[in-house]
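Hi,

Here is the structure I said I would pass on. Have a look at it first, and my notes come after.

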Amino acid sequence: MLGRVRYAADGAAAEDAVEAGASMLAAAEAGWEAVSAAVVAAAANGVAQCWTGGWHPADLERYLRREASGTAPVALAVDAMAAEAARAPTARTPRGARWTEQLRQLGADVWWESDRGYLDALAGRRRTSRFETAYEVLTALRALARVPRITPLPSPAATPPAKARGAAASRALGRVRGLLAKAEATNFAEEAEALSAKAQELMARHSIDEALLDSAAGSPGAPAGGPSAVRIGIEGPYEQAKALLLDAVATANRCQAVWAAELGFSTLVGFEPDLEAAELLYTSLLLQATATMHRAANALPRTHKEQGGAPGARGRSRRTRDFRQTFLVAYADRIRGRLTEAAAAATAAATADSPDTAPALLPVLAARELAVEETTGALFPDTAPVRLRGIHDVDGWHQGRAAADRARLGDG
């Protein structure tokens, strides 16, 4: 029955298969509790197949949220992740702290008392009948079975256990988070951009220190561990502009970004300190840019026609969309230059402050950039440039660049 549900053609055939399967489960001779245990096992196996297919918890939840109709398949998929994570964890290859954190943020916990009682607990939580509960479960199992395979990410590189290094990294990232929190809280664009630029300088210096430590631990001029990768969600609207902003942040932090528009995320390839820096800074800059964009869009002047009714309202809505899309693209374009300047300043300062290590610094950074480029090419041998669309609004372009260009990167 589950096979018929999984492989039925989209449309009426799938609807008929799910309804027939739900009727069979609700009236199964084996009993509702046995059906419940079998459903949990099938769901855990379904997400395990997704993990084999290259997915991580946050990526899978985001994909199902974009593709599935309604919230039930997503919620049940999160339950399936919890069931899979609870099964023989010692027999699996360790998945790392990022994986565990993604499950925590999704709320993937085993909240039901036993697998045999899961369907009853689910029916009570969702206030559904047995047929409705079985229907929702089969819909979720069908969605899991039809998730496509994607490029798997390389395993995170092992980090040295030196206590001094861990303390220094924690202090650096703590200062960066503090600067970005202040940038997000201020209502003054100049102050926000100055704080963000300072955060970029600190992150670049932290990355340089890590690169030199890795070089000392490994062979001269070569990184001790290879690059790894993370996926960062690109949510609508204005996905193109947001992906461009992430690419700008990634480039400034010696990473490379590959956007998968149909899957709703970009993959960042780089070394662990650089990946963490890029993710932190992108999240903060996107929040700042979005807030500034909304304020600027709301201040757009209304024309005489816009005050007269629905046609003017639709015209203003289109103008606002064009303005926001153009604003974010211009912001990303200018931020790319600003962050690159800040990273270059940090590199120059590191060279001046440590003349003994200066001769080794540039070869180490070059070796890392080459490793990132080679890893990106191996993971994504077939990529194509993206043509930006909807860049029409002159005011949006100038205001977007101005929002990223007001701050001085010197003593101010």
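Below is what I found when going through the model, beginning with the ground rules.

This is a predicted model, so to speak of a local feature I needed pLDDT of at least 70, and side-chain atom pairs count only at pLDDT 80 or more, while totals for chains, interfaces and linings use all residues. Residues are numbered from 1 along each chain as its sequence is written, and side-chain values use heavy atoms, with hydrogens and water left out.

**Confidence**

The pLDDT is the predictor's confidence in each residue, on a scale from 0 to 100. Its mean over the protein chain is 81, and 75% of the residues reach 70 or more. Residues 160-165 fall below 50, and beyond near neighbours in sequence this stretch has four contacts in the model (a contact means heavy atoms within 4.5 Å). Residues 303-314 are also below 50, with six contacts beyond near neighbours in sequence. Where pLDDT is low, the predicted coordinates should not be read in detail.

**The chain as a whole**

The secondary structure comes to 15 helices and three strands; these are DSSP runs numbered from the N terminus, with helices being H or I of at least four residues and strands being E of at least two. Of the 412 residues in the protein chain, 45% are buried. For burial, the cut-offs on relative accessible area are under 20% for buried, over 50% for exposed and partly exposed in between, with a 1.4 Å probe and protein chains only. The accessible surface of the chain is about 20,600 Å², and carbon and sulfur atoms hold 54% of that; areas are from the Shrake-Rupley method with a 1.4 Å probe, and for residues only the protein chains shown count as cover. Among contacts with a separation of 6 or more, 79% are between residues 24 or more positions apart.

**The sheet and what packs on it**

The three strands form an open, antiparallel sheet in the order β1-β3-β2, where pairing requires that DSSP finds at least two bridges between two strands. β1 and β2 are at the edges with a single partner strand each, so one side of each is left without a neighbour in the sheet. Ignoring direction, neighbouring strands are turned by 25° against each other on average. Six bridges link β1 to β3 (residues 265-270) in the antiparallel sense, and I232 has S266 in β3 as its bridge partner. α11 packs on this sheet, touching β1, β2 and β3, and its direction makes about 165° with that of β2. For such angles, axes are lines fitted to C-alpha atoms, for helices over the stretch in contact, and angles run from 0 to 180 degrees between N-to-C directions. Five of the six residues of β1 are buried, so this strand is largely enclosed by the rest of the structure.

Leaving aside residues up to four places away in sequence, Y282 touches I232, G233, I234, K242, L245, L246 and V249.

**Helix α3**

α3 covers residues 32-52, and at 1.5 Å a residue its 21 residues should span 30 Å; the end C-alpha atoms are 30 Å apart, which agrees. The expected span is 1.5 Å times one less than the number of residues. Its buried residues include W32, V35, V39, V47 and W51. After α3 comes G54, with a positive phi near 100°.

- G236 and P237 are joined by a cis peptide bond, with omega about 0°; P237 lies in the loop between β1 (228-233) and α11 (239-252).
- R127 is not a glycine, yet has a positive phi of about 55°. R127 is in the loop between α7 (118-126) and α8 (130-145) and is exposed at 79% relative accessibility.
- R254, also not a glycine, has a positive phi of about 60°. This residue is in the loop between α11 and β2 (256-260), and at 15% relative accessibility R254 counts as buried.

Cheers
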